[in-house]
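Colleague: Please show me the model, and then I will ask about it.

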There are 2 protein chains.
Amino acid sequence: MASNTTTLKGQPLDRPALDALLRRRMFYTPGFEIYGGSAGLFDMGPPGVTLQDNIINLWKKHFINEEAMLEVDTTVLTPYDVLKASGHCDKFTDWMCKDPKNGELLRADHWVKDTLKARLNANKLARGETVKEEEDPKKKKKAGKVAAQKLEDAVVQEYEEILARLDNYTGAELGELIIKYDMKNPATGAIPGEPKQFNLMFQTQIGPNSASVGFLRPETAQGQFLNFSKLLEFNNNAMPFASACVGRSYRNEISPRGGLLRVREFLMAEIEHFVDPQSGKKHARFDEVADVELVLLDRHTQQSGKTDVRKVSIGEAVKTGLVNNETLGYYLVRINKFMEKIGVDMSKLRFRQHMANEMAHYAADCWDCELLTSSGWVECVGCADRAAYDLEAHAKRTGSPLTVRERLETPIEEEKYEVEPNRKVFGPLFKKNAKAVENYLVALPQEELAALSKTLTAEGKISATVPEVGEVSIEASALSIELKKNIIHTREYFPHVIEPSFGIGRIMYSLIEHAYWTRAADDGGDEARGVLSFPPTIAPTKVLVVPLSNNPDFKPLTDKICRKLTSQGIWVRTDISGATIGKRYSRNDELGTPLGVTIDFQSVSDNTVTLRDRDSMTQVRADEDVIIEAVRSLVTGQKTWADIEKELPKFDGQKA
Amino acid sequence: MASNTTTLKGQPLDRPALDALLRRRMFYTPGFEIYGGSAGLFDMGPPGVTLQDNIINLWKKHFINEEAMLEVDTTVLTPYDVLKASGHCDKFTDWMCKDPKNGELLRADHWVKDTLKARLNANKLARGETVKEEEDPKKKKKAGKVAAQKLEDAVVQEYEEILARLDNYTGAELGELIIKYDMKNPATGAIPGEPKQFNLMFQTQIGPNSASVGFLRPETAQGQFLNFSKLLEFNNNAMPFASACVGRSYRNEISPRGGLLRVREFLMAEIEHFVDPQSGKKHARFDEVADVELVLLDRHTQQSGKTDVRKVSIGEAVKTGLVNNETLGYYLVRINKFMEKIGVDMSKLRFRQHMANEMAHYAADCWDCELLTSSGWVECVGCADRAAYDLEAHAKRTGSPLTVRERLETPIEEEKYEVEPNRKVFGPLFKKNAKAVENYLVALPQEELAALSKTLTAEGKISATVPEVGEVSIEASALSIELKKNIIHTREYFPHVIEPSFGIGRIMYSLIEHAYWTRAADDGGDEARGVLSFPPTIAPTKVLVVPLSNNPDFKPLTDKICRKLTSQGIWVRTDISGATIGKRYSRNDELGTPLGVTIDFQSVSDNTVTLRDRDSMTQVRADEDVIIEAVRSLVTGQKTWADIEKELPKFDGQKA
């Protein structure tokens, strides 16, 4: 349900104008364009890379550094066995339908969504309501293309309820919906075939041996789980702790779309927080955040077909069980804070709980941090409680104990049936099968051992069917099965995992939309022009240094200021073109450059320069080194423009 | 020819001890170890990731920021057509032999190298000379395993010459060497079969359509070339300029080995410097570096079977043609400076020129920056002149003009034969073939057009064989071919590319070896202990903050100092374990932490703390904030420990 999105200043968002700006300034660009493109693959240009770097650096400081996490950097290539054990070989799939006439491959849930949305829009048109140009069903291709047509109110409600529950349907249910609502492919007139599972992993061969199947990882999480024991040791065996990894992951989407929103190769930043499940998943710093209010959309609201949010303090949400535990709640607050720091419009943010069928195969509970964009609400961070699913799966497959061993303060007395063969009789009795028989008996559940023990005492022998050996009969002379007391000094457990998982490309794109607005002509420019109001900490280029004109007298001071800023690690751009100051600032508004330093004739004589704020267009003037220090304090986030305006004299001289 | 490498302090390098340290401190670890491992794939642990980040950040500052390069971040997944055009589908291969008995796959050049090196070592042993334990041929597997046996002096020389020229052999020549020198596989007694080409790219399928073949990129370069026109435009069409990309690349090695030195997935940092070939590849800032001396090993020396280096100023090297041009030379100096900045032992660095057959299929000249390690000289940076190979190949394949168009200051008059059909006659004459015939004629070389023009004038008609049309005869009434004068206002050319390409993993591993040494027991520790002397700018953790004991009185000041340092983005570790100060510093020596702050009883009363230098173990003492400022100036590289020792009072109190 894409809404009519607005810019930072409340103007209607003109998506084509923004797209043109992003291409013009090379934030990102479709990959392999001269080869006709390859869907779902994008390249970042210079401002895009630096914006991404700044987001990642802030992420690392906010999470890894401030929370003392253990960062790892693991490989993308992953052998088959790992992803078989994790469940991805079997369950990391989407439902795909094939058009029976032209063989086109369609993603089933998208097909249902696009068809119903188009019909709802067609209904609006037929009733004289307006729809956004990009949602006009007459202009759409494929599922979106339908003529204006009125729908009964009951049908509208039915469609809206299906859309609210969309992520909750199974493949078979999607297939039934397609038939029930006659969702023909307008291109062929045929109803798409039954949904089939398509595995979303990219497969390859590792090494020269063709039997060595591997995949590109679908998430960074598995690499962290596999290193769990080493990380625990690195952390001096102290629990809880979190690991983190920033890196690319891959998803072989059936039909990528939405620019950076659904791509085949993407940058993720994932945290795996390992916690003792018996601790109630408490978090040591939860009290610090308990009063923070979050905007929540819970599971029940959605299952009743609605999307109403409510604002609740996280302390309250955890107390009432709306959010499952403190650790999950703590991370929701930290995610919220991160989004605020990078400059997200907080009125376009909500946390949405996953519905039961929507959760990934490994998840026990999950909240998404969603940002509102012109493509609707976009899942930007998933915060899942994966329980012990993965560590148990890998431990089972490999025999490696991916557990925590903890010394008990008070040892526990435990009673247990134990099998003890009498080697002298047992060995010769079973010969080469002796080990197999013993292993089989030892691994039996306690209840069965209790029963066997009873039989052995009562009848003097037991019988059992041992796999790959067959029916065996064992007399009491060959073994004993007795209840023994043991003192347990250590407890061994699989930790549970709380996983905040960030899609950096989606966050970046949403942030760009949130930072975008247009400046009206009367603001000083020739025509309405785009501005990207990134915070100075995040903006790709921090300062534009412009001499008033290309008079050579300005060059030495321009060069000196650029050098001084660069040597402090501050990204600077200079523009010595002959264009007007206004035009030059306008280019940099599009790049999101927050600060401008102007060098004029007065500068050459008294070494003072002006500093301009992108958003307010106000200026201050001071000595070169004072201005450089002001820039430093702004781009590190230590001061705001309001602080600088209070400290330094205002300047109205050469208006940009 | 691995030499007996030494540590930073000249001690013999104990590789197993270093490996144990790197595992213990989790710098990096074999990937998928609990699944039995996957050769050539490694994960970085916490200190490894941060070390890598610091190297990358310094790289970006040194190259991208200081040289105003245009950074891009392109996708790893690459469609077939791109890598077909670039030549990688056909030429990015290694020679692989198959053992005819057990089917084992062997890399041909490694087989020759390992076999001959083992024989040379066996000869040394037979003559009573020593060889390094890890090179003892009796302890080796496969090709390395031979008994001690004397060789004739002439044979020794022959072997050494083959090894010096090893990278210069073709597959057929490697096959001949294997037969000539009877290089049997000791495991089977068989001579490996004829070398065959094995493509080193990882192949996959992009999207649900199995016909869409793609690869994981073997280098980041192609993504930069494909964006050339957009980058040129971003750069306001100004030449020369450089783009840069940091990202992972992939190489499906036949037999990965040497830890981080030969892996299947690796981080690269590549620069593509685009330059006008008619400029003589001059560089605007070459004068600034002309006097810098580099250690060079040229092509001719190697082809004569030797490895002697010489120290030459880059100005001299370019003047004499030893280094092909200024741009290549400028980058060699910048690479040299980068290595110095990150802490490479400059006595273990050389630039080696590629021999003719050794160069990649696209390269016109190439110099490697090699670092000496316990595995011999390791290629860490390749600096190649790729000429216009790639841009031309992609332009040819796609029809996109990946060229520079430059307005000529003085227009040029050009005479050219031009074909002009008389539409009214030509069209009806050839009907649907008209376009094909015209295109064929227009595309003919000028010499042929001159001849046809002459014939047409002399005989009143010409004949030609047009592909897919056949023999045609055209009379003078249907077309003219005449010499015409044109005024050319623009010049269009394919730029040439100078490419410095950095293997970050190799640099990182070599740096670790260069930074490693052991501190003797009498230096204060209990036993000889490992130290990694990374420069403060590069070290993963910058400061260890240690209270003298775990007395709770120390906690507030410890926490305050940690918070202050962290808020400045400085990575801090604290160790409040009960271990002695000496033990705690020893752990951090292994992590390469350059600075230590100690909080003692005096600190609690007067707010002074001590600051310790890892390498000299000397200490200074001052007020908390003075020490924090000293730390900041050291980790940003603004000051050295010698500066700090001059400024602040020395402290001898509690010796570590």
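Colleague: At about what angle does helix 5 of chain B run to strand 6 of chain B?

Modeller: This is a predicted model, in which local features need pLDDT of at least 70, side-chain atom pairs count only at pLDDT 80 or more, and totals for chains, interfaces and linings use all residues; side-chain values use heavy atoms, without hydrogens and water. Residues are numbered from 1 along each chain as its sequence is written, with chains lettered from A and ligands numbered from 1 in the order in which they are written. Helices (H or I, at least four residues) and strands (E, at least two) are DSSP runs numbered from the N terminus, and axes are lines fitted to C-alpha atoms, for helices over the stretch in contact (heavy atoms within 4.5 Å), with angles from 0 to 180 degrees between N-to-C directions. Helix 5 (residues 108–126) lies across strand 5 and strand 6 of chain B, and its angle to strand 6 is about 75 degrees.

Colleague: What is the strand order in the open sheet of chain B?

Modeller: Two strands pair if DSSP finds at least two bridges between them. Strand 5 (residues 93–98) and strand 7 of chain B are antiparallel over 4 bridges. Strand 6 (105–107) and strand 7 (196–199) of chain B each pair on one side only, as edge strands. The order is 6-5-7.

Colleague: Why do the copies meet through the same surface?

Modeller: Chain A can be laid on chain B with an RMSD of 0.3 Å by a turn of 180 degrees and a shift of 0.1 Å along the axis, superposed by least squares on C-alpha atoms of residues with pLDDT of at least 70 in both. The copies are thus related as by a two-fold rotation axis. The surface is the same because the share of chain A interface residues that are also interface residues in chain B is 100%.
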